[in-house]
Amino acid sequence: MTNLLQPTGEDNHLQQIRIGIKASVVMIPLLGVTWLFGLLSPVHKAFAYIFTILNSAQGFLIFALHCMRNTQIKERFKRKMNIVFPSSIKNNCSRKSSWVNPSEVGDI
């Protein structure tokens, strides 16, 4: 996460420290809270279930907190979606219908 943004200039070292702190603030609770329930699992059976649920959702939470909040990743995803589905994203209203009005066709 600290390698995503590499600022140039005098504030490079200070900016790297800020990015490292931000990464730690996001990742430590995500990884640490689940193991807190893991350590409490011998106390009560409910803690074991909570530990299992949180650990199974951990990959999605890392994706959501790391990738979905990153503006560069969001922008690249929008560009890819424009390539895959060009008409559905640009103009939802301008889709052409396959239905033909008989009065508009005229005599054939």
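This is a predicted model: local features need pLDDT of at least 70, side-chain atom pairs count only at pLDDT 80 or more; totals for chains, interfaces and linings use all residues.
Helix α1 spans residues 12-39 and helix α2 covers residues 45-56, and their axes come within 8 Å while crossing at roughly 155 degrees. Angles over 145 degrees count as roughly antiparallel, and α1 and α2 are therefore roughly antiparallel to each other. As for handedness, the α1/α2 crossing is left-handed. On the α1 side, the contact is built from Val 33, Thr 34, Trp 35, Phe 37 and Gly 38, while α2 brings in Phe 47, Ile 50, Phe 51, Leu 54 and Asn 55. Sorted by type, the residues of this contact come out as seven nonpolar, three polar and no charged.

The UniProt record (an unreviewed entry) lists residues 21-40 and 46-68 under "transmembrane region". In the model, residues 21-40 are 95% helix and 0% strand, with 28 Å between the end C-alpha atoms. For residues 46-68 the figures are 91% helix and 0% strand, and here the end C-alpha atoms sit 31 Å apart.

Then there is Gln 58, which belongs to helix α3 (residues 58-67). What does Gln 58 touch, once neighbours within four places in sequence are set aside? The contacts are Leu 30, Leu 31 and Thr 34. Thr 34 turns up again in the α1 contribution to the contact with α2.

Note on methods. Residues are numbered from 1 along each chain as its sequence is written. Side-chain values use heavy atoms; hydrogens and water are left out. Helices (H or I, at least four residues) and strands (E, at least two) are DSSP runs, numbered from the N terminus. Contact means heavy atoms within 4.5 Å. Axes are lines fitted to C-alpha atoms, for helices over the stretch in contact, and angles run from 0 to 180 degrees between N-to-C directions. Angles under 35 degrees count as roughly parallel, over 145 as roughly antiparallel, 65 to 115 as roughly perpendicular and the rest as oblique. A crossing is left-handed if the near helix is turned anticlockwise from the far one by less than a right angle, and right-handed if clockwise. Ala, Val, Leu, Ile, Met, Phe, Trp, Tyr, Cys and Pro count as nonpolar, Asp, Glu, Lys and Arg as charged, and the others, Gly among them, as polar. UniProt positions are given in the numbering used here, feature names are shortened, and annotations may be inferred rather than shown by experiment.
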